[in-house]
Amino acid sequence: MGDVVAVQALVVVDVQRAFFGGEGAVPGARVVREAVEGLLGRAREAGALVVHLQNDGAAGADDEAGTAGWELALAVVEGDREVVVRKEHDDGFAGTSLGGLLVGAGVKGIAVCGVMSEMCVSATARTALARGYRVVLPHDAHATYAVPAAEGISDAVPAATVSRVAEWALGDEAEIVARAVDVRFEAGGR
């Protein structure tokens with residue numbers, strides 16, 4: 001954790017209605033949503049690339065494609081610098097145009113936010129690191145659910161602990177910052 005240098009893109013992972021409203025909302029959904037909204041505002045103002053990843057959940061899942069829970073929870077201002085990329089895997093790069101978008105925009109560093117910390121956020125951040133991107137992960141801008149107890153294995157693991165472990169598991173390559181307000185953006189370019 002140190003000084004944050006500006007990044008050229010914001011990747012918003014699965015901020016969908018199923019996870020940010022009603023009984024199915026992740027713990028702390030309001031706080032995470034506010035942090036993501038702040039990131040979005042600053043990224044747009046700076047002219048950074050904004051990519052909203054939208055998970056196409058399986059039939060019957062809370063985020064099943066085409067259902068109310070699948071819809072994005074935040075407004076998108078689509079254009080050259082803000083796009084929606086649908087995905088079917090945890091990793092936002094797998095089978096999508098995310099990699100090409102980042103390369104095409106001359107991005108060197110990204111901020112990643114959204115849900116689920118230990119799944120889609122982590123998988124996307126890990127691939128970005130493997131591809132040589134600088135990855136900034138604001139602690140207050142990602143979340144997940146608690147892990148239920150498993151008899152003979154462990155007690156329940158609180159959601160906040162799961163999120164923190166997901167950060168830790170990324171190793172020292174990812175830059176974990178405490179607050180999303182400390183993330184800065186700049187326009188990408190070649």
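## Ground rules

The model is predicted, with local features needing pLDDT of at least 70 and side-chain atom pairs counting only at pLDDT 80 or more, while totals for chains, interfaces and linings use all residues. Residues are numbered from 1 along each chain as its sequence is written, and side-chain values use heavy atoms, leaving out hydrogens and water.

## Overall build

You're looking at five helices and seven strands (DSSP runs: H or I of at least four residues for helices, E of at least two for strands). Read from the N terminus, the order is β-α-α-β-β-α-β-α-β-β-α-β. The chain is as compact as a globular protein of its length, because its radius of gyration is 16 Å, close to the 16 Å that the globule rule gives for 190 residues (taken over C-alpha atoms; the rule is 2.2 Å times the number of residues to the power 0.38).

Of the 190 residues, 47% count as buried, meaning under 20% relative accessible area with a 1.4 Å probe, protein chains only.

## The cavity

There's one cavity of 30 Å³ or more, a cavity being a set of points on a 1 Å grid over the protein atoms alone where a 1.4 Å probe fits but cannot get out. The largest cavity holds about 40 Å³ of space, a volume being the space filled by probe spheres set on the points, which are joined across faces, edges and corners.

Its lining (residues with an atom within 4 Å of a point) is made up of Val 12, Asp 14, Val 15, His 52, Leu 53, Leu 72 and Leu 74.

Conventions
1 Å grid on protein atoms, 1.4 Å probe; cavity = no way out; pocket = protein on both sides within 12 Å on 5 of 7 lines; lining within 4 Å. Buried < 20%, exposed > 50% of the residue type's maximum accessible area, 1.4 Å probe, protein only.
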